[in-house]
Amino acid sequence: MKRVGHLLLPGAAVALAVGGAFPWWSGRTDGDGLGAVPWWLRVLLLGAGVACVVGVGRRRWAWGAAVAGAAAALGGGLSFVLWSRSGEIAEGLRQDRAAATSKGWYFGPFDSELHAVLTAWPEAAPLAAACAGAGVAVAAVLLARRRGVDADELPADGEELGRRVRAALSWSLVGVLLGGVLSVATVEGARAVRDARVEALGPWWTEFADSSPVPRERLHDGSRKVTEDTRSPGAPAKPGAVAWRHTFVGPVALSTCAYEGRARGTLVALEEGRRTARISGRDPKDGRQRWSFTVRLSKRIELSQVAVSGGCAVLVLVGSMVVGIDSYTGRVGGASVLPMPGRTAWRFVTSYRQPVAKAPRMVTLTGADLAHVDAGDSGVVALRRKDVKPVGWGRPAASGCRYLADYATDSSPGTLFMTGCRSQDVLVTLPEVTVPGEDRRSRPDYRVPDLPPLLPPRERSVSAPSGCDRGAVERIRATSPRHAYVMGSWRCGSGARRERIHTRATFNLSYGWPRRSPWARVPVGRSQLEPVVNLENGDAGAVGDTVRLGWGEELDAEGRPSVTPARGDRIAALVGPGRTAGDRDTLLALGESGLLTAVRYEYRDHDPGDADDRPRARIRRAGATDAVRGACEGTRDVLVDGDSATALVLCRGAGQRVTRVEAVVDGKGFRAAR
């Protein structure tokens, strides 16, 4: 029995060789970063395994198996250690140059260099093969050092010979099982080493961007503690002093959210140069920079658009790549690669219409769980905001599509408006989508993620108001998962009566009740300012030089509670604390002259005998300030950080090239109304 026990060695060597040459044997796939074993390593491993079997009792064959196994161990180890990301990228660039000069039938070369930037990671398979080769070499050496069984030593008794054969088979089976366990161990060990090396290399987006998050010791500076008994200060009640001023070479937007029981707002600024594009997060109260994210620009790397939203999300589109930044911490929370676009680059889908020729560099989104991007003919992709993971892809049946999207709640999948690609515009309620399984047996090409379909088969057509043409839908607002307001501007009438009007209609998207309300028409001069301010018990909006309270989108109707901050000074922007601040708070109205007015509103419970059971509303002018009343060669806007009671008054230059920011807080410059 002792003389046949060494047959365990060739069984283990064969199992190790097969497991190293074909990693699928150990239950792992390419989808988790294992990679593929080079053909020459497979030849060495399989040759070593065969030589071990033949080498039972033949030392020359056993030594040959040891040499082949050692060669596989050395080659696989060097292949893993000498791997270089720069080498992968250089090879991709060489392929791009070769494809660009070829006369192939395909339309245009693939961007192999960019592909290498995104997918150049060390693979664990060569290291696993090296470990397997080392195991085969050790087994072969032990086998070569043992003396074989001579023919005259075989038992003459048939029963004894059969017992020896059964023992040899048993030891061989034990060897195979042991080799299988060792092959799994080599794969797991190689993956652990590979993961440590990947972590040391850093994420793939570091090839074109640098991130400087908020230092831990400064993370909560200037924030507000969130408790059940306290609420945010809201807008400044007596704005009258300018805390700081700064002119940014680019657009800005505000993101507010909570983190670790603290809440704060962050002013996000985009400033672009010839070689870099820098996105920075600043404290609204003092203007100090908290974090930055810098994209290194080149002929191949171009920043497309930045989206700022609630829920701590800043999304950055760089070509076909999208990176998510936490606006509170400044850390990168996720990054993904979108499908390869066609003639049009990817950009974010907003609830308001963007210029077709040149999209704005920065847009604002709601705090919904999902965000959408589109690239015209390439369709629209849904992204999960918290980790920027694509979860759905809708490809239209026709070309030339443009999109608008809005979300009734943060968890809503969204309401999508499509125009320009069909005989009629359509409005659809998007279906629930889930992240595709992570254990797919085959990993798709990085340009074409394997995503579930996004566009549902049912939809609601949106036709222009009768008697109107030369117009388009400009904004949508989802009020519930099955209802949405659609607003646009058209030229209506004929002859001398032809005028430009704003229109709106309510659409019911329930499958059993596909109907809409009639279009409501309002002359442009009497149309309400968009977007409206959502309050706890209604909405607030501006019409001309007047602030009105009401419900829904009908704030331009007569008879609503209203106040005029300054007669003849058309309101350029209206902001408020939102739904979280309660029913007695301050709205800020910014006139085109730069006059900043504080407007107080209040809701009271309805009278028991009143047929109208809605709360009664009252609104009044609290006072104003001239602290920011200056020339503005562009458009005015105002943002409110309710956590620090700071109003950010903006003057945006043409094309978002320059933005002047003036931070206004409570101060002596406030003139109370009499």
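Guide: What follows covers the disulfides and the accessibility of some cysteines, in a predicted model.

Visitor: How many disulfides does the structure hold?
Guide: There are three disulfides. One is formed by C257 and C312, with the sulfur atoms 1.9 Å apart.

Visitor: Which hand does the C257 and C312 disulfide have, and why?
Guide: It is right-handed, because the torsion about the S-S bond is about 100 degrees.

Visitor: Where do C257 and C312 lie?
Guide: C257 is in strand β4 (residues 252-259), and C312 is in the loop between β8 (303-309) and β9 (313-318). The pair therefore ties together parts 55 residues apart in sequence.

Visitor: Are C257 and C312 buried or exposed?
Guide: Both C257 and C312 are buried.

Visitor: OK, next. What about C468 and C492?
Guide: They form a disulfide with the sulfur atoms 1.8 Å apart. This link is right-handed, with 110 degrees about the S-S bond. C468 sits in strand β21 (residues 468-480) and C492 in strand β22 (residues 483-492), 24 residues apart.

Visitor: Why does C492 count as buried?
Guide: Its relative accessibility is 5%, and buried means under 20%. C468 is buried too, at 12%.

Visitor: And which cysteine is joined to C632?
Guide: C651, with an S to S distance of 2.0 Å. The link of C632 and C651 is right-handed, at 100 degrees. C632 lies in the loop between β33 (616-625) and β34 (635-641), and C651 in strand β35 (residues 646-652).

Visitor: Changing topic: what is the relative accessible area of C131?
Guide: It is 36%, so C131 is partly exposed.

Notes
Residues are numbered from 1 along each chain as its sequence is written. This is a predicted model: local features need pLDDT of at least 70, side-chain atom pairs count only at pLDDT 80 or more; totals for chains, interfaces and linings use all residues. Side-chain values use heavy atoms; hydrogens and water are left out. A disulfide is a pair of cysteine sulfur atoms within 2.5 Å. Helices (H or I, at least four residues) and strands (E, at least two) are DSSP runs, numbered from the N terminus. Buried means under 20% relative accessible area, exposed over 50%, partly exposed in between (1.4 Å probe, protein chains only).
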